[in-house]
Each structure stands twice: as C-alpha cells, then as structure tokens.
Amino acid sequence: MSNIVYFTPKGPTPSDNLKAFIAHCKNHLSIYESQGGFDVDEWRVEKSKRKISMRFGIYTGKIAFKSFTPMAEPFLSFAKSIVRYKQEMKESTSIHNEMDALKALYDGLIEVHGEPDILKTDGIVQDEVMQILNARLPGSDKLYRVGGSLELLYNLLIDKGITPSLPIWKRPWKRGRAKADRTDKKSIKWQEDRCPSQHQMLSLADCFAKATSLEDQYWSSVLILLMFAPGRGGELQDLTVDCYGEEDGKPYIRWVGEKGFGTTI
C-alpha cells in the first residue's frame, strides 16, 4: 500500500515536485476512477448513509444543484490530486472541509497574485485566505474544522516540496462548545430530542440491577456505560475481560481511549 499511496518528492524544484505529485495521483491512484477520474470535475462519496458531492468549482456563496464553474488550471489538477491522495488513504465524508479550504485558497491566490497558481502560495496568501474564511463563515463552528483542513493542506505543500518555504500556519479559530454542553434554545431542543427520558433511564438502571444471566448482565452493563459516555461506543469492543477493578473502594473500568487519548481508567 505504501508504494501505491504515498508520494515522496524527488524533484530539484517545487515545479518538478508539483508535476510529479499530480502525475502520481492521476496515474497511480484509483479512487473515483469509475466516476470519470480526472476527466470530470465532480466526484461523489457515499458512506454511512451520507452522500457527499465533491465539486471542483469556484465559490459562489450559493448551492448549485445542476451547474457550476470549474476551477481554472493549474489549481484544478492540484485540487483533484490532493483530494484523491487523501481519500485513497482513508475515504471520509468530512472531505467537504477540505473542499471549502481549497476554494478559499483558490480565491486567495487570485486576490493576491492574480492567478490560481499553487506554487505562489505564501504568507500573504495565508493571511488573505484567513480573511476570506472569516467573511464566508462568520462566527461559525465550521471555521475550526475548515481551519484544521487548511492547516493540513499547508503542511502537505511543505512536506511534498511544492512550497517548501511556506510559513508554518496554525488555525486561529477555537473549537466551539459541543451541543450537549450548550444552553441556548436550539441546543437544548437538540438535547431533548436525543436524550432518553427520566423514565427510560431509570428503566435501564432497573434492568442493570435485576440482571441475572450473563447475557443480561453484559448488555445492561453496555447500556449503563453508554449512558455515562454516549460518544464512546467504538471503545466498548476493545474492553478486556479483566477491565473492571476497584481502588480505595471505588469501582473503575480500564479502557483505551480513541482519538489518541490512550490508556486510562
């Protein structure tokens, strides 16, 4: 897999590395080839019942259902390459954040240099892109996610020798509070629609207390654990048979946190 997916820059100049990167993604990667590959300007990803359209078109501020204007070259081929490179390694529906970052970078290059040439990405362009995103997503929680994609994009430009002297950039936007922690009317309504009622929670606790068979004890324990940490369902599969313990009279579960958190109790 590493010989197929990963690209190592070997060219003497950034221009050579850009051409080699595009050629690598176009000729050696296969994802979305059945949809037309580099010959079309729109790809689609369907995963977990979600359908995401990746349109390599210029930003208009409106949702275009039928027609759109494709990005100009040489940026268009680079945008397709970076999306295919990322999706080949691990296809994700969150690619729309990368698309928003690419469209902002496209407009930033035109605003600063008059043309969408990725090789001309510099610190001035980075500042312009930040202003563009602030104007497009004022006060939105999405700024944090798009900013993360933009940060990864800039790092890739450096790592692949396309813009090796590009300043290191960190997203300036902070992560918004989760809906489960907010107290505004919209978030409270969201919480009420998704949280079980008091009666339902007490019923689950009753099932846990009265469970006698191993099967009932197992599944009622799973439900109780999920009530404490509803966003950690994937970690339950990795619990070991000796994960339960006590310390100073207090029970605990030993587990491995996903998202890089590591081993904890």
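Of the chain's 265 residues, 34% count as buried. Keep in mind as you look around that this is a predicted model. Let's start with the overall layout and then zoom in on some side chains.

The chain holds nine helices and six strands. Its radius of gyration is 24 Å, well over the 18 Å that the globule rule gives for 265 residues, so the chain is more spread out than a compact globule. If you draw a box along the principal axes, the C-alpha atoms fill roughly 70 × 45 × 40 Å. What about contacts along the sequence? Taking the contacts with a separation of 6 or more, 52% are between residues 24 or more positions apart.

Now for the aromatic rings. Searching the whole structure turns up 11 aromatic pairs. Take Trp43 and Phe56: their ring centres are 5.1 Å apart and their planes sit at 80°, so this pair is edge-to-face, a label that needs an angle over 60 degrees. Trp43 belongs to strand β1 (residues 42-47), while Phe56 is in the loop between β2 (50-55) and α3 (75-89), so to speak a link between distant parts of the chain, 13 residues apart. Are these two residues buried or exposed? Trp43 has a relative accessibility of 0% and counts as buried, and Phe56 is buried as well, with a relative accessible area of 0%.

Elsewhere, rings meet charged side chains. Arg136 lies over the face of Tyr59, at 3.6 Å from the ring centre. The charged end of Arg171 is placed over the ring of Tyr144, 3.8 Å from the centre of that ring.

Next come the salt bridges, and the count here is 10. One of them joins the side chains of Arg84 and Glu33, with 2.6 Å from N to O. Arg84 is in helix α3 and Glu33 is in the loop between α2 (14-28) and β1, which makes this a link between distant parts of the chain, 51 residues apart. How do the two partners compare in accessibility, buried or exposed? Arg84 is buried, at a relative accessible area of 0%, whereas Glu33 counts as partly exposed at 44%.

Another salt bridge brings together the side chains of Arg55 and Glu42, at 3.2 Å from N to O. Here strand β2 supplies Arg55 and strand β1 supplies Glu42, and the two residues are 13 apart. Arg55 has 16% relative accessibility, so it counts as buried, the limit being under 20%. Glu42, with a relative accessible area of 22%, is partly exposed.

Finally, have a look at Lys170 and Glu151, a salt bridge whose closest N and O atoms are 3.6 Å apart. Lys170 lies in the loop between α6 (142-159) and α7 (185-194) and Glu151 lies in helix α6, so the pair ties together parts that are 19 residues apart in sequence. Lys170 is exposed, with a relative accessible area of 57%, while Glu151 is buried at 15%.

Key. Residues numbered from 1 in each chain as written. Heavy atoms only, no water. Phe/Tyr/Trp six-rings, centres within 6.5 Å; stacked < 30°, edge-to-face > 60°. Helix = DSSP H or I, 4+ residues; strand = E, 2+ residues; numbered from the N terminus. Buried < 20%, exposed > 50% of the residue type's maximum accessible area, 1.4 Å probe, protein only. Lys NZ or Arg CZ within 6 Å of the ring centre and 35° of its normal. Rg over C-alpha atoms; globule rule 2.2 N^0.38 Å. Contact = heavy atoms within 4.5 Å. Salt bridge = Lys/Arg side-chain N within 4 Å of Asp/Glu carboxyl O.
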